[in-house]
Amino acid sequence: MNFLSNLTTNSRAWQLLAVTALALELSALFFQYGLGLEPCIMCIYQRVAIWSIFFAGIVGSFGCHFILTRILAYALWAVGAVWGLLIAIEHVDMQAAASSPMSFLYSCDFVPNFPSWAPIHQWLPMLFEASGDCGEIAWQFLGWSMPQWMIIVFGGFSLAFILVFLARLIDKKMF
(Lines give C-alpha, C1' and ligand atoms only; values in the text may rest on other atoms or scores of the structure.)
Protein backbone atom coordinates (compact mmCIF):
# COMPACT_ATOMS: atom_id res chain seq x y z
CA MET A 1 0.00 0.00 0.00
CA ASN A 2 2.86 2.33 0.83
CA PHE A 3 4.41 1.69 -2.60
CA LEU A 4 1.21 2.72 -4.41
CA SER A 5 0.82 5.77 -2.18
CA ASN A 6 4.34 6.96 -2.90
CA LEU A 7 3.96 6.65 -6.68
CA THR A 8 2.23 10.01 -6.88
CA THR A 9 5.24 11.80 -5.39
CA ASN A 10 7.57 10.22 -7.94
CA SER A 11 7.93 12.04 -11.24
CA ARG A 12 8.86 8.80 -13.05
CA ALA A 13 5.44 7.30 -12.33
CA TRP A 14 3.72 10.36 -13.79
CA GLN A 15 6.08 10.26 -16.78
CA LEU A 16 5.10 6.63 -17.36
CA LEU A 17 1.45 7.69 -17.38
CA ALA A 18 2.21 10.42 -19.94
CA VAL A 19 4.30 8.14 -22.16
CA THR A 20 1.60 5.46 -22.12
CA ALA A 21 -1.06 7.97 -23.17
CA LEU A 22 1.23 9.43 -25.84
CA ALA A 23 1.90 5.94 -27.23
CA LEU A 24 -1.85 5.37 -27.50
CA GLU A 25 -2.30 8.70 -29.27
CA LEU A 26 0.49 7.93 -31.71
CA SER A 27 -1.12 4.55 -32.35
CA ALA A 28 -4.40 6.29 -33.14
CA LEU A 29 -2.63 8.55 -35.61
CA PHE A 30 -0.98 5.53 -37.22
CA PHE A 31 -4.39 3.89 -37.62
CA GLN A 32 -5.74 7.10 -39.14
CA TYR A 33 -2.92 8.15 -41.42
CA GLY A 34 -0.98 4.93 -41.87
CA LEU A 35 -3.87 2.49 -42.29
CA GLY A 36 -6.48 4.93 -43.58
CA LEU A 37 -9.07 4.33 -40.82
CA GLU A 38 -11.18 7.46 -40.49
CA PRO A 39 -12.03 8.45 -36.88
CA CYS A 40 -15.64 9.03 -35.95
CA ILE A 41 -16.89 11.55 -33.41
CA MET A 42 -16.73 8.97 -30.60
CA CYS A 43 -13.11 8.23 -31.55
CA ILE A 44 -12.35 11.94 -31.34
CA TYR A 45 -13.89 12.19 -27.88
CA GLN A 46 -11.79 9.21 -26.80
CA ARG A 47 -8.71 10.99 -28.16
CA VAL A 48 -9.54 13.99 -26.00
CA ALA A 49 -9.79 11.67 -22.99
CA ILE A 50 -6.37 10.20 -23.81
CA TRP A 51 -4.95 13.72 -24.07
CA SER A 52 -6.39 14.47 -20.63
CA ILE A 53 -4.49 11.48 -19.25
CA PHE A 54 -1.35 12.63 -21.08
CA PHE A 55 -1.59 16.10 -19.55
CA ALA A 56 -2.21 14.52 -16.14
CA GLY A 57 1.12 12.78 -16.53
CA ILE A 58 2.87 15.99 -17.57
CA VAL A 59 1.37 18.06 -14.75
CA GLY A 60 2.07 15.32 -12.23
CA SER A 61 5.62 14.91 -13.48
CA PHE A 62 6.50 18.55 -12.98
CA GLY A 63 4.46 19.14 -9.84
CA CYS A 64 4.41 15.81 -8.03
CA HIS A 65 5.83 17.38 -4.84
CA PHE A 66 3.13 20.04 -4.60
CA ILE A 67 -0.35 19.14 -3.42
CA LEU A 68 -2.22 21.54 -5.72
CA THR A 69 -0.55 20.33 -8.91
CA ARG A 70 -1.01 16.73 -7.78
CA ILE A 71 -4.72 17.40 -7.26
CA LEU A 72 -4.92 18.89 -10.77
CA ALA A 73 -3.12 15.84 -12.16
CA TYR A 74 -5.48 13.51 -10.27
CA ALA A 75 -8.46 15.39 -11.70
CA LEU A 76 -7.17 15.23 -15.28
CA TRP A 77 -6.40 11.53 -14.89
CA ALA A 78 -9.77 10.67 -13.35
CA VAL A 79 -11.79 12.70 -15.86
CA GLY A 80 -9.87 11.30 -18.83
CA ALA A 81 -10.06 7.70 -17.64
CA VAL A 82 -13.70 7.64 -16.55
CA TRP A 83 -15.06 9.83 -19.36
CA GLY A 84 -13.08 7.81 -21.91
CA LEU A 85 -14.48 4.57 -20.47
CA LEU A 86 -18.05 5.87 -20.70
CA ILE A 87 -17.52 7.06 -24.29
CA ALA A 88 -15.96 3.74 -25.31
CA ILE A 89 -18.89 1.82 -23.82
CA GLU A 90 -21.35 4.06 -25.67
CA HIS A 91 -19.34 3.58 -28.87
CA VAL A 92 -19.54 -0.22 -28.54
CA ASP A 93 -23.31 0.12 -28.06
CA MET A 94 -23.52 2.21 -31.25
CA GLN A 95 -21.61 -0.42 -33.19
CA ALA A 96 -23.86 -3.18 -31.86
CA ALA A 97 -26.99 -1.19 -32.71
CA ALA A 98 -25.77 -0.30 -36.22
CA SER A 99 -26.71 -3.75 -37.49
CA SER A 100 -30.10 -3.85 -35.77
CA PRO A 101 -33.45 -2.57 -37.05
CA MET A 102 -33.32 0.10 -34.33
CA SER A 103 -30.12 1.63 -35.72
CA PHE A 104 -31.85 4.96 -36.23
CA LEU A 105 -31.81 5.43 -32.44
CA TYR A 106 -28.02 5.60 -32.45
CA SER A 107 -26.42 8.21 -34.60
CA CYS A 108 -23.33 10.26 -34.19
CA ASP A 109 -22.62 13.80 -35.22
CA PHE A 110 -19.96 14.77 -37.72
CA VAL A 111 -18.92 17.93 -35.89
CA PRO A 112 -17.57 17.56 -32.35
CA ASN A 113 -19.50 19.25 -29.57
CA PHE A 114 -16.57 21.19 -28.13
CA PRO A 115 -17.09 24.47 -26.28
CA SER A 116 -17.21 27.57 -28.46
CA TRP A 117 -14.19 28.95 -26.59
CA ALA A 118 -12.15 25.82 -27.44
CA PRO A 119 -12.97 24.55 -30.94
CA ILE A 120 -9.99 22.18 -31.01
CA HIS A 121 -11.40 20.41 -34.07
CA GLN A 122 -10.83 23.68 -35.96
CA TRP A 123 -7.50 24.48 -34.33
CA LEU A 124 -6.01 21.00 -34.87
CA PRO A 125 -8.08 19.24 -37.54
CA MET A 126 -5.32 16.68 -38.10
CA LEU A 127 -6.01 15.38 -34.59
CA PHE A 128 -9.62 16.21 -33.81
CA GLU A 129 -11.65 16.28 -37.04
CA ALA A 130 -14.17 13.46 -37.37
CA SER A 131 -14.81 11.89 -40.75
CA GLY A 132 -15.80 8.28 -39.99
CA ASP A 133 -19.01 6.48 -39.11
CA CYS A 134 -19.53 5.48 -35.46
CA GLY A 135 -21.34 2.26 -36.36
CA GLU A 136 -18.75 0.97 -38.79
CA ILE A 137 -16.32 -1.71 -37.60
CA ALA A 138 -13.34 -1.17 -39.88
CA TRP A 139 -10.71 -2.92 -37.75
CA GLN A 140 -10.63 -5.87 -35.38
CA PHE A 141 -7.94 -7.63 -33.40
CA LEU A 142 -8.66 -11.01 -31.80
CA GLY A 143 -12.31 -10.48 -32.72
CA TRP A 144 -12.65 -7.19 -30.85
CA SER A 145 -13.23 -3.78 -32.39
CA MET A 146 -11.23 -0.71 -31.50
CA PRO A 147 -13.84 0.67 -29.04
CA GLN A 148 -13.91 -2.70 -27.28
CA TRP A 149 -10.15 -2.51 -26.84
CA MET A 150 -10.52 1.06 -25.62
CA ILE A 151 -12.87 -0.16 -22.90
CA ILE A 152 -9.97 -2.28 -21.65
CA VAL A 153 -7.53 0.63 -21.97
CA PHE A 154 -9.74 3.14 -20.16
CA GLY A 155 -10.76 0.49 -17.65
CA GLY A 156 -7.07 -0.05 -16.89
CA PHE A 157 -6.46 3.69 -16.52
CA SER A 158 -9.53 3.96 -14.26
CA LEU A 159 -8.51 1.01 -12.12
CA ALA A 160 -4.95 2.32 -11.79
CA PHE A 161 -6.30 5.72 -10.75
CA ILE A 162 -8.62 4.22 -8.13
CA LEU A 163 -5.88 2.01 -6.67
CA VAL A 164 -3.28 4.77 -6.51
CA PHE A 165 -5.67 7.43 -5.23
CA LEU A 166 -7.19 5.20 -2.52
CA ALA A 167 -3.74 4.02 -1.46
CA ARG A 168 -2.70 7.65 -1.09
CA LEU A 169 -5.78 8.50 0.96
CA ILE A 170 -5.44 5.45 3.19
CA ASP A 171 -1.69 5.89 3.67
CA LYS A 172 -2.04 9.55 4.62
CA LYS A 173 -4.98 8.74 6.93
CA MET A 174 -7.29 11.00 4.98
CA PHE A 175 -9.84 8.26 4.45
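Start with α2, which gives the largest share of the lining of the largest pocket, 6 residues. Helices here are DSSP runs of H or I, at least four residues, numbered from the N terminus. This is a predicted model, where local features need pLDDT of at least 70, side-chain atom pairs count only at pLDDT 80 or more, and totals for chains, interfaces and linings use all residues. Residues are numbered from 1 along each chain as its sequence is written, and side-chain values use heavy atoms, with hydrogens and water left out.

Next, select Phe31, Cys43, Met146, Pro147 and Met150: of the 29 lining residues, these lie nearest the pocket's centre. Elements giving two or more residues to this lining are α2 (11–34), α3 (41–63), α4 (67–97) and α7 (146–171). By type, the lining has 16 nonpolar, 8 polar and 5 charged residues.

Now show α2 and α7 together. Their axes are 13 Å apart and the packing angle is about 170°, which makes α2 roughly antiparallel to α7 (an angle over 145 degrees). Colour Leu17, Thr20, Ala21, Leu24 and Phe31 in α2, then Met146, Val153 and Phe157 in α7, to see where the two helices meet (contact means heavy atoms within 4.5 Å). That contact involves 7 nonpolar residues, 1 polar and no charged.

Last stop: His91, in helix α4. Is His91 buried or exposed? His91 counts as buried because its relative accessibility is 2%, and buried means under 20% relative accessible area with a 1.4 Å probe, protein chains only. Leaving aside residues up to four places away in sequence, select what His91 touches: Cys40, Met42, Cys43, Gln46, Cys134 and Pro147.

Methods
1 Å grid on protein atoms, 1.4 Å probe; cavity = no way out; pocket = protein on both sides within 12 Å on 5 of 7 lines; lining within 4 Å. Nonpolar A, V, L, I, M, F, W, Y, C, P; charged D, E, K, R; others polar. Axes fitted to C-alpha atoms, helices over the stretch in contact; angles between N-to-C directions. Parallel < 35°, antiparallel > 145°, perpendicular 65-115°, else oblique. Buried < 20%, exposed > 50% of the residue type's maximum accessible area, 1.4 Å probe, protein only.
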